[in-house]
Amino acid sequence: MKTANKKVTAERLVKDALEKAKHFADYNIFTFLDEEGALARAREIDARIAKGEKVGRLAGVPYALKDNFLSPRGETTAAAHILGGFVSPITATSVEKIEAEGAIMIGRVNMDAFAHGSSTENSYYGPTLNSHDRERVAGGSSGGSAVAVALDIVEFALGTDTGGSIRQPAAFNGIYGFKPTYGTVSRYGVVAMASSTDCISFMAQTPDDIDLLMSIASGQDPKDMTTLPDYYNDSKVKKVKKIGVVTDFDNDSIDIEIRKALKKKCELLKSKGYEIVELSMPSLKYALNAYYVIVPAEVASNLSRYDGIRYGFRSEKSEVLNDLYKHTRDEGFMPENKRRIMVGNFVLSSGFYDAYFLQAAKVRTLIVNEYAKAFEQCDFILMPISPNPPFKLGEKVDDPVAMYMEDMMSVSTNLAGIPGLAVPAGETTNGLPIGLQLVGPRRSDKSLIEFSKELN
């Protein structure tokens, strides 16, 4: 990662990043560019370097911030109309940690509103374009983060992964994207989607950069009671011998070029002396069903706070309180937000909780146990992230079921709380990126990132 020093100034690094951001403006990556603030921060770092003062491990490194991270710099909208005009009085813990090491946020990047989506087409600001093909989606919900890194505008970007929202867009744009063990990085100061599956992490061009960023961001946070003690920096890289491959997915539902990429990587690992172990994990085929019961339930709860009273957008159509709530939420939420709220309230409602939510929770336990059993047979698992390469803009946005099916191979890791790393795995015959994911047991994050280098 290129950091500032006496030869290369932070100001120069930031100016280059801002110039690139403007050059690629038609990709619709940024919702806000903080040119003045970023340059002021860069000059502060350069002054410290000139004085011989100690600067952080990320001194002068420009980065992009997904628009659901709270920071006083710019409006935090989560790409949703209902949060228009909201400037946060606080800063997310993860942002504080990386900026304490000298990283410089040049702007906020686009996403599916409230992180609800797999294409960044559900954004109030419109879709972000894929870095390799402008007619295709960037992936989601962290599409802006992925494209900002893939086009080399910034060295890294922050993202959130609730069911694949870092890994899938990373795969769609040919970069690395990491979902850590649940609780490794603090969620404090990040707009919640589903509190039991949300994970905070990074996208970057190399596993070494991901490792550095995780070493900075991980650790217990008294503001987030779900965070774990900092096991990441105390971890020893384990010796890996066996890699598992799941045999239960229906091959007809997985694009043939993704299947070929998986086979090629398995052959590469065999040539390096690793044993490939076939795994039967029948519960994984039910992960998507369970996910789209559990997550909408949590979404409905988390989005109930947006009412037009305390902050953000407020409808002007209302004269009485009930109408204010109704019109504000109707105008402020995107269609996918409303869909998930309705599904979530339904599965939590009297008479349906036992039939839907409770059953989904039981499936989640089966998935957790099945992964634990699988890791008794192998060290890590190699599997697809998405069943398809990047699809065309508009192709699935009006078909919710088809869009949800894009998450079929990524959601199980979130339900189980285990780490997964998106790894570039070549391109399709028409030049579209292919990504695979390495999945490991809880707290194997550092070893997983280190082992990903074996796939090159």
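Me: At what angle do helix H1 and helix H2 pack?
Reply: In this predicted model, helix H1 covers residues 10-23 and helix H2 covers residues 35-50. Their axes lie 8 Å apart. The packing angle is about 160°.

Me: Are H1 and H2 roughly parallel or roughly antiparallel to each other?
Reply: The angle between H1 and H2 is about 160°. Angles over 145 degrees count as roughly antiparallel. H1 and H2 are therefore roughly antiparallel.

Me: Is the crossing of H1 and H2 left-handed or right-handed, and how many charged residues does the contact have?
Reply: The crossing of H1 and H2 is right-handed. H1 brings Ala 10, Glu 11, Val 14, Lys 15, Leu 18 and Lys 22 to the contact, where they meet Glu 35, Ala 38, Leu 39, Ala 42, Arg 43, Ile 45 and Asp 46 of H2. By class the contact of H1 with H2 has seven nonpolar residues and no polar ones, and the charged residues number six.

Me: How are H8 and H10 oriented to one another, roughly parallel or roughly perpendicular?
Reply: Helix H8 (residues 287-302) packs on helix H10 (residues 335-348) at about 105°, with the axes 7 Å apart. Angles from 65 to 115 degrees count as roughly perpendicular. H8 is therefore, relative to H10, roughly perpendicular.

Me: Which class holds ten residues of the contact of H8 with H10?
Reply: From H8 the contact takes Tyr 292, Val 293, Pro 296, Ala 297, Val 299 and Ala 300. From H10 it takes Arg 340, Ile 341, Val 343, Gly 344, Asn 345, Val 347 and Leu 348. Two of the contact residues are polar and one is charged, while the class with ten is nonpolar.

Me: Which element gives the most residues to the lining of the largest pocket?
Reply: The largest pocket has a volume of about 420 Å³ and is lined by 17 residues, with Val 245, Val 246, Leu 262, Lys 263 and Cys 266 nearest its centre. Strand E7 (242-246), helix H7 (256-271), strand E8 (275-279) and strand E9 (380-384) each supply at least two lining residues. By class the lining has ten nonpolar, two polar and five charged residues. With six residues, the element that gives the most is H7.

Me: How many polar residues line the largest cavity?
Reply: The largest cavity has a volume of about 70 Å³. Among the residues of its lining are Gly 140, Tyr 292, Arg 340 and Asp 407. The lining has four nonpolar and two charged residues, and the number of polar ones is six.

Me: Which element supplies the largest share of the lining of the second largest cavity?
Reply: The second largest cavity holds about 60 Å³ of space, and its lining includes Phe 172, Ile 258, Asn 388 and Ile 434. Helix H5 (167-173) and strand E11 (433-439) each give two or more residues to this lining. The lining divides into seven nonpolar, three polar and no charged residues. The largest share, three residues, comes from E11.

Me: Where is Ser 141 found, and what is the omega of its bond from Gly 140?
Reply: Most peptide bonds are trans. Ser 141 is in the loop between strand E3 (104-109) and helix H4 (143-150). The bond from Gly 140 to Ser 141 is cis, with omega near 5°.

Me: What is the phi of Ala 79?
Reply: Most residues other than glycine have a negative phi. Ala 79 is found in the loop between strand E2 (62-66) and helix H3 (93-100). Its phi is positive, near 55°.

Terms used:
Residues numbered from 1 in each chain as written. Predicted model: local features only at pLDDT ≥ 70, side-chain atom pairs only at ≥ 80, totals over all residues. Heavy atoms only, no water. Axes fitted to C-alpha atoms, helices over the stretch in contact; angles between N-to-C directions. Helix = DSSP H or I, 4+ residues; strand = E, 2+ residues; numbered from the N terminus. Parallel < 35°, antiparallel > 145°, perpendicular 65-115°, else oblique. Contact = heavy atoms within 4.5 Å. Nonpolar A, V, L, I, M, F, W, Y, C, P; charged D, E, K, R; others polar. Left-handed = near helix turned anticlockwise from the far one by under 90°. 1 Å grid on protein atoms, 1.4 Å probe; cavity = no way out; pocket = protein on both sides within 12 Å on 5 of 7 lines; lining within 4 Å. Points joined across faces, edges and corners; volume = space filled by probe spheres on them.
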